[in-house]
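Hello,

Here is the structure I said I would pass on. Please open it and keep it beside you while you read my notes below.

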Amino acid sequence: MTEETWDVVIVGAGLSGLSAAQTLRKRNGKLRILILEGKDRVGGRTVTQELPAAHGIDRWDMGGQWVGSTQTYVMDLIQEFGLEVYTQYTTGKKVHHVGGPHAKVRTSSTSIPALSTLVLLDLSQLVWKIDRLSSTVSVEDPMKTPNAQELDSMTLHSYIEKHAWTEEMKEEMGVCSRVVFGMEPNQMSFLYFIMYAAAAGGVLCLLESTPGSAQEFRVKTLDCTAALCPQGGTQQLSERLAQQIGRESVRLGQAVTAIWQDAERAKVMTATHSYLCRAVIVTCPPHLAAKIHYQPALPIQREHLTQNMPVGHLMKFVITYQMAFWREKGYSGEIVARPSAECPLSVTFDGTSPSGSAALVGFISGVQAYNWSSREDWALEEYSGGCPVNVMAPGMLTYYHPSLCMPCGRKNRCCSCKSQWGSK
């Protein structure tokens, strides 16, 4: 087994790992940084692929695709690389079908679905209550939130059951949970949910395509050289970061199996190589970080946390068409539905490409995604294991969250090296 020496080894060549490398390089260009990635590509949960389209071949994001103006870090990265975004198409009527296969199909031209007066009142009061609680959350330290332990002891489901008046509203919140997290409402802490909403700017910001919301923009696939951004879309952010850092510093197909450390150095091991370094940054999702063997073992709080942050199950599909027939008929392409055996999807959007190739993009989520898991999806792609995010079950924030931000092992040594690394 060959052995090399570096200043810093970063585990994971997604946006987090590559951004960490870029930040360190900006602080000290002399640092020897190595990024190890188990996949055969950079980008993590962003991947852009070619699909047959009306006028030949076009590109679509098969992983994460939307960005919003409130997501300042990624927007700064887009601007730094001279890339462009374009607004998610929302013009026209939206389709809403919640309540089962035989429920009434409703349409509306606003971001609020066409619900009965009672359900609209229920929606208003529930969103108001949740947003009011979200405004009290400390995103940096959730346990500073008033009544944090009580909020962390309940699930999103139990809160909805207590505060929603109508069964239809409870069902609506179930759809929201599946679409945003790939999880059922009874699988996550309510404190975690309102912390997530607070970071986004409110509950509705997680769901809508309006200015400042999570589905506000998509990243254009621009003409570019194969060496710089062969995949286009959101994956080109990782491609350009890797190019900026230096491709020689990124090793693909090198899944990390073990990390050993002592007082002097750390050793990072893959199936074929081992690397000595002064510090390690692990940026892969918690459920994947938990599969790495650590010697000495991680602190019990950190180990328990990484083993108890389940990842959602969200299956994405893109359907291309000869023309955007829904636009011609006055529809936006947006459908929100309660998944069932007859209708497995949760939501669709207009996915037409910047070059005009017509498409719809949609998601199968939660329980229905598990039922469809025999098909090829993210959960079966090695070194992903699910999407879109990891969530915390009740009690995780109360007892284990502080360990998520604490360095493990050689932290005192690392702190003494900050001046050498150019930290401010």
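**What I found**

Start at Thr155, which sits in the loop between helix H4 (148-152) and helix H5 (156-163). Helices here are DSSP runs of H or I with at least four residues, strands are runs of E with at least two, and both are numbered from the N terminus.

Some background first. This is a predicted model, where local features need pLDDT of at least 70 and side-chain atom pairs count only at pLDDT 80 or more, while totals for chains, interfaces and linings use all residues. Residues are numbered from 1 along each chain as its sequence is written, and side-chain values use heavy atoms, with hydrogens and water left out.

Is Thr155 buried or exposed? Thr155 is buried, with a relative accessible area of 15%. (Buried means under 20% relative accessible area, exposed over 50%, and partly exposed in between, with a 1.4 Å probe and protein chains only.) Leaving aside residues up to four places away in sequence, Thr155 touches Pro185, Asn186, Met188, Ser189, Phe190 and Pro394. A contact means heavy atoms within 4.5 Å.

Now helix H2, residues 72-80. Its buried residues include Val74, Met75, Leu77 and Ile78. They cover an arc of only 155° around the axis, so they lie on the same side of H2. (The arc is that of the directions from the helix axis to the C-beta atoms.) An α-helix has 3.6 residues a turn, so residues three or four places apart point the same way. On the face of H2 turned away from the buried side are the exposed residues Tyr73 and Gln79. Just after H2, Gly82 has a positive phi of about 70°.

What covers the buried residues of H2? The cover includes helix H1 (15-27), strand S5 (66-67), strand S6 (85-87), strand S9 (217-219) and helix H9 (235-245).

H9 is worth a look too. Nine of its eleven residues are buried, so H9 is largely enclosed by the rest of the structure. Among them are Leu237, Glu239, Arg240 and Ile245. Gly246 follows H9, and its phi is positive, near 120°.

Last, the whole protein. Its secondary structure comes to 16 helices and 18 strands. Buried residues make up 51% of the 424 residues. Along its principal axes, the C-alpha trace spans about 65 × 55 × 40 Å. Of the contacts between residues at least 6 apart in sequence, 71% join residues at least 24 apart.

Best wishes
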